[in-house]
Amino acid sequence: MCSSDLEAGIQNMILFSGNRGGQDDATGIQNCVKLLEKLVPMAEKANVTFCIEYLNSKVDHKDYAFDHMSYGTSICKAIGSPRVKLLYDIYHAQIMEGDVIRTLRDNIQYIGHFHTGGVPGRQDIDDTQELYYPAICKAILATDYAGWVAHEFLPKKDPIETLARCVKICDV
């Protein structure tokens, strides 16, 4: 990333915590904070929000560090800038911790972006999945969140038709 990336007019930039590589959570959080302290002044100047993505370490990303909400919120609290938020990937959060609606309500001030996806299998958000997205989207709407909810999944059929159906499910 260079300063020209931050001057391109983007609102959010997705970042990753990286893998544990043997680090405990406290060390991983500290390392993320050290890096972000160097980057945040550029983000603040360019009005870009860094969104650190929550991923699961059970199924898809075996050694990923930010695999529970307290890891990410600890980073946000330590930085203390509105330009550092979390990408709350609902698919990954369900696999790791469940309790999606309570978690997003309790931590909405730290969330800068959402991703959807069906569980299990990161498939379409439909009635074959364990998450009920109309309720999740209503919970998001009941907060002061004004950002994006993006669909990130592997469609079973035609991608455009699937996306249209998923958008309709979430349009509450």
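Select proline 120 to begin, in the loop between strand 4 and helix 6. This is a predicted model, by the way. Show the backbone and look at the peptide bond that runs from valine 119 to proline 120: it is cis, with omega near 5 degrees. Now pick arginine 122, found in the loop between strand 4 and helix 6. Arginine 122 is not a glycine, yet its phi is positive, at about 55 degrees. Is arginine 122 buried or exposed? Its relative accessibility is 13%, so arginine 122 counts as buried.

Five of them form an open sheet, in the order 1-2-3-4-5, with parallel pairing. Look at the edges: strand 1 (12-15) and strand 5 (148-151) each have a single partner strand, so one side of each has no neighbour in the sheet. On average, neighbouring strands here are turned by 30 degrees against each other, direction ignored. As a bit of background, strands of a sheet pair through backbone hydrogen bonds, either parallel or antiparallel.

Now go through the sheet pair by pair:

- Strand 1 and strand 2 (residues 49-53): parallel, over four bridges. Select methionine 13 and you'll find phenylalanine 50 of strand 2 opposite.
- Strand 2 and strand 3: parallel again, with four bridges. Here cysteine 51 faces lysine 85 in strand 3. To get from strand 2 to strand 3, the chain goes through helix 3 (residues 69-79), in a right-handed β-α-β crossover.
- Strand 3 and strand 4: four bridges join this parallel pair. Aspartate 89 has histidine 115 of strand 4 opposite.
- Strand 4 (residues 111-116) and strand 5: also parallel, joined by four bridges. The bridge partner of phenylalanine 114 is valine 149, in strand 5. The chain crosses between these two through helix 6 (residues 133-141), and this β-α-β crossover is right-handed.

**Into the core**

Hide the surface and show side chains. The largest nonpolar core has 48 residues, and the ones that touch the most other members are Leu36, Ile75, Tyr88, Leu104 and Phe114. Which helix gives the most to this core? Helix 2 (residues 25-46) does, with seven residues. In soluble globular proteins, nonpolar side chains tend to be buried together.

Zoom in on isoleucine 75. Leaving out neighbours within four places in sequence, isoleucine 75 is in contact with Ile29, Cys32, Val33, Leu36 and Ile52. Then widen the selection to helix 3, where the buried residues are Met69, Tyr71, Gly72, Thr73, Ile75, Cys76 and Ile79. What covers them? The cover includes helix 2, strand 2, strand 3, helix 5 (100-107) and strand 4.

Follow the chain out of helix 3 and you come to glycine 80, with a positive phi near 70 degrees. Serine 81 sits in the loop between helix 3 and strand 3. At 9% relative accessibility, serine 81 counts as buried. Its contacts are Val40 and Glu44, not counting residues up to four places away in sequence.

**Cysteines**

Colour the sulfurs and look for disulfides: the count comes to zero. For cysteine 32, the nearest cysteine sulfur is that of cysteine 76, 10 Å away. Cysteine 32 has 12% relative accessibility and counts as buried.

Select aspartate 99, in the loop between helix 4 (90-96) and helix 5. Phi is positive here, near 50 degrees, in a residue other than glycine. Aspartate 99 is partly exposed, with a relative accessible area of 42%.

Finish at glycine 22, in the loop between strand 1 and helix 2. With 76% relative accessibility, glycine 22 counts as exposed.

Methods
Residues are numbered from 1 along each chain as its sequence is written. This is a predicted model: local features need pLDDT of at least 70, side-chain atom pairs count only at pLDDT 80 or more; totals for chains, interfaces and linings use all residues. Side-chain values use heavy atoms; hydrogens and water are left out. Two strands pair if DSSP finds at least two bridges between them. Axes are lines fitted to C-alpha atoms, for helices over the stretch in contact, and angles run from 0 to 180 degrees between N-to-C directions. A crossover is right-handed if, with the strands pointing away from the viewer, the path from the first strand over the helix to the second runs clockwise. A disulfide is a pair of cysteine sulfur atoms within 2.5 Å. Buried means under 20% relative accessible area, exposed over 50%, partly exposed in between (1.4 Å probe, protein chains only). A nonpolar core is a set of buried Ala, Val, Leu, Ile, Met, Phe, Trp, Tyr and Cys residues joined through side-chain atoms within 4.5 Å. Contact means heavy atoms within 4.5 Å.
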